[in-house]
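Here are my notes on the model. Please read them with the structure open.

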Amino acid sequence: MQTANQNWYALRATHEFDVANTLRTECSDVYLPVEQARTADGATRTRPLISRVLFVRDTETHLLQLEKRGHDPLDSIQPFWIYRYERGGAIQPVKDTEMQLLRLLSATDSTRCEIYTRTDFHAGQAVEVIAGPFAGYRGHVRRIQRNRHVIVEIEGICAIALPFIHPDLLSPLP
């Protein structure tokens, strides 16, 4: 159940799976992006895509109460910390559009491919995606392992490399 004053927040937790499981019963929505990884012995295990980070949708007041409970040794909630702005210390909400992008990109069927080589886009150039599932997102071009990607940042938390976007779907920003 979502209310108008709920936002997404990023949390830092040492035991992100335990915190996610507990908060699923306490909050409107919990999102822990995961990936399948192979261990040295060939087994597959699930691990967080962003180490020690998960996302929760709830009211600021309720989330601050839960954070306080997490640091009470008599409470059953594992400790976690809400990401805060560097200046002022207020907790930092994550925009809905950024969460939609993170969910879209961390889906198990997504692949991270490069932008086709095209000489009119250079590293650091600001661009906007003008069509397709990522339409409206803005980021900048960056080389990752010799390939060019569009990078979109979630302020103060992480940067996301978009999967394949054909250059015809990009528009340079001034």
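1. Pro172 counts as partly exposed, because its relative accessibility is 47%. The scale runs as follows: buried is under 20% relative accessible area, exposed is over 50%, and partly exposed is in between, with a 1.4 Å probe and protein chains only. Pro172 sits in strand β12, residues 170-172. Strands here are DSSP runs of E with at least two residues, helices are runs of H or I with at least four, and both are numbered from the N terminus. Pro172 and Val141 are 31 residues apart in sequence, and their C-alpha atoms are 10.0 Å apart in space.

2. A word on the basis. This is a predicted model, in which local features need pLDDT of at least 70 and side-chain atom pairs count only at pLDDT 80 or more, while totals for chains, interfaces and linings use all residues. Residues are numbered from 1 along each chain as its sequence is written, and side-chain values use heavy atoms, with hydrogens and water left out.

3. What is the volume of the largest pocket? About 260 Å³. A pocket is an open set of points on a 1 Å grid over the protein atoms alone, where a 1.4 Å probe fits and protein lies on both sides within 12 Å along at least five of seven lines. Grid points are joined across faces, edges and corners, and the volume is the space filled by probe spheres set on the points.

4. The lining of that pocket has 17 residues. A lining residue has an atom within 4 Å of a point. Lys95, Glu98, Glu153, Ile154 and Glu155 lie nearest the centre. Two or more lining residues come from each of β7 (93-94), α3 (96-105), β9 (138-144) and β10 (147-154). β10 gives the largest share, four residues.

5. By class, the lining has seven nonpolar, five polar and five charged residues. Charged means Asp, Glu, Lys and Arg; nonpolar means Ala, Val, Leu, Ile, Met, Phe, Trp, Tyr, Cys and Pro; the others, Gly among them, are polar.

6. Glu155 deserves a separate look. Its place is the loop between β10 and β11. Glu155 counts as exposed because its relative accessible area is 55%. Glu155 and Val94 are 61 residues apart in sequence, yet 8.1 Å apart in space, C-alpha to C-alpha.

7. Val94 also belongs to the largest nonpolar core, which has 24 residues. Such a core is a set of buried Ala, Val, Leu, Ile, Met, Phe, Trp, Tyr and Cys residues joined through side-chain atoms within 4.5 Å. Phe55, Val94, Leu101, Leu102, Ile157 and Leu162 touch the most other members. At least two residues each come from β1 (6-12), β5 (53-59), α3, β8 (126-129), β10 and β11 (158-161). The most, four residues, come from α3. A second, separate core has 17 residues, including Val56, Ile77, Phe80 and Ile82.

8. Asn7 lies in β1 and is partly exposed, because its relative accessible area is 31%. Thr59 lies in β5 and counts as buried because its relative accessibility is 17%. Thr59 and Cys27 are 32 residues apart along the chain, with C-alpha atoms separated by 8.6 Å.

9. Check Arg52. Its phi is near 65 degrees, a positive value in a residue other than glycine. Arg52 is in the loop between β4 (44-48) and β5.

10. Arg12 lies over the face of Trp81, at 4.8 Å from the ring centre. The test asks for NZ of Lys or CZ of Arg within 6 Å of the ring centre and within 35 degrees of the ring normal.
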